[in-house]
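Here is a short tour of the structure, written for someone meeting it for the first time. Take a look, then follow along heading by heading.

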Amino acid sequence: QVQLVESGGGLVQAGGSLRLSCAASGRSFSTYAMGWFRQAPGKEREFVAAITWSGHTTRYADSVKGRFTISRDTAKNTAYLQMNSLKPEDTAVYYCNTSPSIGAMGQGYWGQGTQVTVSS
């Protein structure tokens with residue numbers, strides 16, 4: 001059974017930092033792209049960041065460029081999202097996603113989500 005488990009969410013003040021982790025189990029995702037999406041209350045789920053299986057290519061939403069960094073440890077089947085200079089508008093449930101390619105993010109497998117709340 002494929003499972004993605006996110007962790008690292010929480011409550012932080014504006015300007016602070018958090019690091020999210022996504023641990024995959026049930027199969028090897030070494031050739032899959034991994035990424036993060038988020039969904040704020042009353043809004044649609046949106047893309048945040050993604051990284052190829054090799055780690056050589058990353059993509060970011062314009063709203064997080066320069067503040068968030070995605071990385072992965074293929075040996076551990078784990079992806080990370082380092083979030084710095086957090087803003088209240090970053091408040092959302094963050095979901096991990098793994099898909100066959102970086103161009104197909106949003107397909108494949110999803111985690112259950114982790115809440116990130118940024119207070120002003």
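This is a predicted model: local features need pLDDT of at least 70, side-chain atom pairs count only at pLDDT 80 or more; totals for chains, interfaces and linings use all residues.

Asn-97 sits in strand S9; strands (E, at least two residues) and helices (H or I, at least four residues) are DSSP runs, numbered from the N terminus. With a relative accessible area of 0%, Asn-97 is buried. As for the wording, buried means under 20% relative accessible area, exposed means over 50%, and partly exposed is in between, using a 1.4 Å probe and protein chains only. A polar atom of the Asn-97 side chain lies 2.6 Å from the backbone oxygen of Gln-107.

Residues are numbered from 1 along each chain as its sequence is written, and side-chain values use heavy atoms, with hydrogens and water left out.

## Gly-108 and some other loop residues

Gly-108 is in the loop between S9 and strand S10 (109-110). At 47% relative accessibility, Gly-108 counts as partly exposed. Not counting residues up to four places away in sequence, Gly-108 touches Asn-97, Thr-98 and Ser-99. Gly-108 and Tyr-32 are 76 residues apart in sequence, yet their C-alpha atoms are 9.3 Å apart in space.

Most residues other than glycine have a negative phi. Asn-77 has a positive one, near 55 degrees. You'll find Asn-77 in the loop between strand S7 (68-73) and strand S8 (78-83), and it is buried, at 14% relative accessible area. Ser-85 also has a positive phi, near 50 degrees. Ser-85 belongs to the loop between S8 and strand S9 (92-99) and is partly exposed, at 39%.

## A four-stranded sheet

Next up is an open sheet of four strands, in the order S1-S3-S8-S7, with antiparallel pairing. Strand S1 (3-7) and S7 stand at the edges with a single partner strand each, so one side of each has no neighbour in the sheet. On average, neighbouring strands here are turned by 15 degrees against each other, direction ignored; for such angles, axes are lines fitted to C-alpha atoms (for helices over the stretch in contact), and angles run from 0 to 180 degrees between N-to-C directions.

Two strands pair if DSSP finds at least two bridges between them. S7 and S8 pair in the antiparallel sense over six bridges, and Ser-71 stands opposite Tyr-80 in S8. His-56 is in the loop between strand S5 (46-51) and strand S6 (58-60) and is exposed, at 72%.

## The nonpolar cores

A nonpolar core is a set of buried Ala, Val, Leu, Ile, Met, Phe, Trp, Tyr and Cys residues joined through side-chain atoms within 4.5 Å. The largest one has 27 residues, and those with the most contacts inside it are Trp-36, Val-48, Phe-68, Leu-81, Met-83 and Tyr-94. Strand S3 (18-25), strand S4 (33-39), S5, S7, S8, S9 and strand S11 (114-119) each supply at least two of its residues. S3 gives the most, with four. Apart from this core lies another, of five residues, among them Ala-33, Phe-37, Ala-50 and Ile-102.

## Salt bridges

Side chains of opposite charge can pair when their charged atoms come close. The structure holds four salt bridges, each being a side-chain nitrogen of Lys or Arg within 4 Å of a carboxyl oxygen of Asp or Glu. Asp-90 forms one with Arg-38, the closest N and O atoms being 2.9 Å apart. Asp-90 is in the loop between S8 and S9 and Arg-38 in strand S4, so this pair ties together parts 52 residues apart in sequence. Both Asp-90 and Arg-38 are buried.

Arg-67 also forms a salt bridge with Asp-90, at 2.7 Å between the closest N and O atoms. Arg-67 lies in the loop between S6 and S7, 23 residues from Asp-90, and is buried. Arg-38, Glu-46, Arg-67 and Asp-90 are linked in a network of salt bridges. Another pair is Asp-62 with Lys-65, whose closest N and O atoms are 3.2 Å apart; Asp-62 is exposed, at 64%.

Definitions and conventions. Contact means heavy atoms within 4.5 Å. A polar contact is a pair of N or O atoms within 3.5 Å; within protein, one must be able to donate a hydrogen and the other to accept it, and residues adjacent in sequence count only if both atoms are side-chain atoms.
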